[in-house]
Amino acid sequence: MVQKVSVGTRLAKAAIWLIVILMTASCLLPLVNMVAISFSSSNAVASNQVGLWPVEFTATTYQKLLNDSQFWASFWISVQRVVLGTLINMFFVISMAYPLSKSKLRFPAREIYIKIVIFAMLFSGGIIPLFMVVSKLHMINSIWALVLPGAVPVFNVILMINFFKGVPTSLDEAACIDGASPLTILVKIYLPVSLPALATVALFSIVNHWNDYFSGLLYMNKASLYPLQTYIQQLTVDITQITDAEQLKQLSTMSNRAFNATKIVVSTIPLLIIYPFLQKYFVSGIVIGAVKE
Amino acid sequence: MTSSPAKHARISSGDRKERMTFHLMLLPGMIMLLIFVFVPLVGSLMAFQDYVPARGLFGSKWVGLENFEIIFSFPDSVQVFWNTLIIAFGKLVMNAIIPVVFSILLNELGGKYFKRTFQTIVYLPHFLSWVVLATVVTNMFSLEGPINALIGLFGAEPIQFLASNQWFRTVIIGTDVWKEFGYNSVVYLAALLAVDPGLYEAASIDGASRFKQILHITLPALMPTVVLMTALNLGNILNAGFDQVFNLYNPIVYETGDIIDTYVYRIGMVEGQYSIGTAVGLFKSVISFILILGANNVAKKTTGSSIF
C-alpha cells in the first residue's frame, strides 16, 4: 500500500517535471531554431532541414549583413532613439513623480494633477488625431516623432510615485528643517535610495523604445529613416499583402529566410545583453506597480 | 476650519516656495500631456465631422452621429467588433489559467537552481517584440514547419494555420499565451512565496496528499491575485493586441482576425477615411475607459488593491 502511493507520487512528480520542461522548451526552442537558420546554408533552409542545429554551417549571411548599410543605418537610428527617448522618459518620470508623491496636505494641487495623469493613461484620442498633431508640428521624418509623443510614460510615473511614497518622510522632514530646497532633497535623498526603481523604469523604457516599430511606420515616410524594428517589420510585411494561400506557401520557402533570420538574431542581441539586468529588476517593478496609488 | 497661529507659521513663505517648485516641476510634463494627449482628444471631434484635411477641424462640416451610423451599417465593422471580443476573451481566460497552472507546477518542483533557470527562460519572450516573434511564429506554423510535422506524425493533413479562418484566432490566442505566460506567472509566484510553509507541514501531518494540499492551500492562496488580475484585464477586453495581429494577419483571414485597432489603422491611415477611422477609435476608447474604471472599482472592492 505504502509502496503504491510512493509510485503514484513519483509518477506525478515526473509528470510535473515533464510539463514544466516542455513549457520552458517551447519558449526557448523556436528562438534556437532562428539562430540555427541564420547559420545554415540557404539551400538547407529552403528545404526545411534546419532544426536546432545549423545544417551546412556557414556565416555568409553574417558577412553579408556587415555590408548591409541600411540595416546598420536603422540600427544606429534605434540606438539614438533609445538613448534620447530613455533620457526624456526618465526626466519626466522623476520630475512628475516626485511632487505627486507628496501628501495632499503638503501639496493640495496634487489631487487635480493626479486625475489629469490617470485620465491621460486611460483615454486616448486614437492614432489618427495624434498623427495629425505630430505632422502639424513638422516632426514627420524627424527623430523627435519617435521620442516626444510618448515622452511621459504615465504608467511608469505612477509606478515611481508609489516607490517615492515608500521613502520614509522622516528623512525628508529632517532635511526640510535644515533648510534644504525640494530639488536638493530630491537629488541628495530620494534619487540615491530609489536606484533599483529608477533602474526598473529605465530598463522598461529601453525595451519599449528598442521594440517599437509602429511609430517608425507611422511617422517616417522614407525607408532610410526607419528604426530597426520598422525595418525588420517591412522585410516581413509581405505577409500582410498576400491574398491567396499559394503566395503564403511561396513566402515560406523564400531563399532569403536565412538572411532575415540573421537580421532578427542581430537585432535581438542588445536585448539579450540587458536581459540579466532586466531580470534582476522587473519582478520588483511589477510588485511595486501592483500597489495601489 | 480655524487656523491656529502655529499652522499659519507653517504655511509660510517656505511652504509656498515648496509648492511653487512642485508646480514648476510638473509644468513640462503637463505641457507634453497637453500636446500629445489632450490636443489629439480635441482632434478626435472629427469623428463627428466629414473631415477634409484641407479645411481642417474648424472648417469641416459637422455631421453629428452620421459616421457612427455608417460604421454600424457596415457588416465589416460589426464583424471586427466580434473578432475583437472573441480574441480578447480567449486571451483573458487562457492568460489566467495557464500562468496559474505553470506557477503551481513550478512551485511543486524542488531545486532552486532549476526553478530559476526555467523562470529565466520563460520570461524571455515577453521582452521580444511581435515583429521578431511574428517571424518565429510564421516559421513554426508554416506548411513545412515543426507544428505541421508534429500533426503529420498522427497522419493529419498539413494545415495553413495563418491562412485559415478556422485556425487563425486559435493561433493568435495560443501564441499570445505562449509569449506572456512566463511574465504573467510572476505575480502568482510572488503570491506563493507568501504562503506559510507551516500550512503544508500541518496538512501533511494530517495525511493530506500533495494534490489535496494544492487544492486546499495553494489554489486558495492564489485566488485573490487571480481575481484582481482578471478584473483588471477585463478592462482591456477591446484590446485584442494590435502589434500581434498586425504582424501576423493577411487579407485571407480578415474575416476572423481583423480587430478594431487594425481596422482603424487600415481605414484611417491607409485608406485616408479620417473621420470614420477616428469614430471607430473613439467608440473603442469610450467603452474601454468605462470598462477600466468599472474593473478597477470591482478590484478595489473585492481585493482591496487596484492600479490607480
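A: This is a predicted model. The domain assignment divides chain A into domain 1 (28-58) and domain 2 (67-290).

Q: How many residues of domain 1 of chain A are in contact with domain 2 of chain A?

A: For this, two residues are in contact if their C-beta atoms lie within 7 Å. Here, 8 residues of domain 1 of chain A meet 8 residues of domain 2 of chain A. On the domain 1 side, the elements that give two or more residues are helix H1 (2-38) and helix H2 (42-46) of chain A. The largest share, 4 residues, comes from H1(A). By class, this side of domain 1 holds 5 nonpolar, 3 polar and no charged residues.

Q: Which domains does the assignment give for chain B, and how far apart do their C-alpha centres lie?

A: The assignment for chain B gives domain 1 (5-62) and domain 2 (74-303). The C-alpha centres of these two domains of chain B lie 36 Å apart. Their contact takes 6 residues from domain 1 of chain B and 5 residues from domain 2 of chain B. The domain 1 side of this contact in chain B has 3 nonpolar, 2 polar and 1 charged residues.

Q: How is the contact between two chains described?

A: The size of an interface is often given as the accessible area lost when the parts come together.

Q: At what angle do H5(B) and helix H11 of chain B pack, and why are they called roughly antiparallel?

A: The angle between the N-to-C directions of two helices is the guide, and over 145 degrees counts as roughly antiparallel. H5(B) and H11(B) (residues 210-234) pack at about 150°, with their axes 10 Å apart. The two helices are therefore roughly antiparallel to each other. The crossing of H5(B) past H11(B) is right-handed.

Q: Which residues make the contact of H5(B) with H11(B)?

A: From H5(B) come B:Leu92, B:Asn95, B:Ala96, B:Val100, B:Ile104 and B:Asn107. The residues from H11(B) include B:Ile214, B:Leu222, B:Val226 and B:Asn233. By class, the contact of H5(B) with H11(B) has 9 nonpolar, 5 polar and no charged residues.

How values were computed: Residues are numbered from 1 along each chain as its sequence is written. Chains are lettered from A and ligands numbered from 1 in the order in which they are written. This is a predicted model: local features need pLDDT of at least 70, side-chain atom pairs count only at pLDDT 80 or more; totals for chains, interfaces and linings use all residues. Domain bounds come from an automatic or database domain assignment. Ala, Val, Leu, Ile, Met, Phe, Trp, Tyr, Cys and Pro count as nonpolar, Asp, Glu, Lys and Arg as charged, and the others, Gly among them, as polar. Axes are lines fitted to C-alpha atoms, for helices over the stretch in contact, and angles run from 0 to 180 degrees between N-to-C directions. Angles under 35 degrees count as roughly parallel, over 145 as roughly antiparallel, 65 to 115 as roughly perpendicular and the rest as oblique. A crossing is left-handed if the near helix is turned anticlockwise from the far one by less than a right angle, and right-handed if clockwise.
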